[in-house]
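Dear colleague,

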Amino acid sequence: MYTYKTQGTCSREIQFDVENNKITAVKFINGCAGNTQGVARLAVGRDVDEVISLLEGVKCRNGTSCPDQLARALKEYKANSVAEV
């Protein structure tokens, strides 16, 4: 499971799994439970790049949001995955 420490949102962390570039699990730690559960359920089963495209730039406060933080987490995951290859 990959862990990303969020910045500027009510959630403090996002945990997720990816297999074959598909998101298989997402869990937000803290944040607005209904919203973060909804975002997590909608992301599971989708391609990483699709979710980044859909969620990047969504704003709530502080110039970011929980969906935007998930997009940032996935971008970081991809950057680290490429670096490991």
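In the hairpin of β2 and β3, Asn20 takes a positive phi near 50°, and 2 residues lie between the strands. Strands (E, at least two residues) and helices (H or I, at least four residues) are DSSP runs, numbered from the N terminus.

The model is predicted: local features need pLDDT of at least 70, side-chain atom pairs count only at pLDDT 80 or more, and totals for chains, interfaces and linings use all residues. Residues are numbered from 1 along each chain as its sequence is written, and side-chain values use heavy atoms, with hydrogens and water left out.

The sheet

Strand β2 (residues 11-19) pairs with β3 in the antiparallel sense over 8 bridges; two strands count as paired if DSSP finds at least two bridges between them. Glu19 stands opposite Lys22 in β3, and Val18 has Ile23 of β3 as its bridge partner. Altogether, 3 strands form an open sheet in the order β1-β2-β3, with antiparallel pairing. β1 (2-5) and β3 (22-30) are at the edges and have a single partner strand each, so one side of each is left without a neighbour in the sheet. On average, neighbouring strands of this sheet are turned by 20° against each other, direction ignored; the axes are lines fitted to C-alpha atoms, and angles run from 0 to 180 degrees between N-to-C directions.

Helix α1

The buried residues of α1 are Thr36, Val39, Ala40 and Ala43. They cover an arc of only 100° around the axis, which puts them on the same side of α1; the arc is that of the directions from the helix axis to the C-beta atoms. The face of α1 turned away from its buried side carries the exposed residues Gly34, Arg41 and Leu42. Buried means under 20% relative accessible area and exposed over 50% (1.4 Å probe, protein chains only). Gly45, which follows α1, has a positive phi near 90°.

The largest pocket

The volume of the largest pocket is about 190 Å³. A pocket is an open set of points on a 1 Å grid over the protein atoms alone, where a 1.4 Å probe fits, with protein on both sides within 12 Å along at least five of seven lines; lining residues have an atom within 4 Å of a point. The volume is the space filled by probe spheres set on the points, which are joined across faces, edges and corners. α1 (33-43) and α3 (66-84) each supply at least two lining residues, and α1 gives the most, with 3 residues. Among the lining residues are Cys10, Cys32, Thr36, Val39, Cys60 and Arg61.

Yours sincerely
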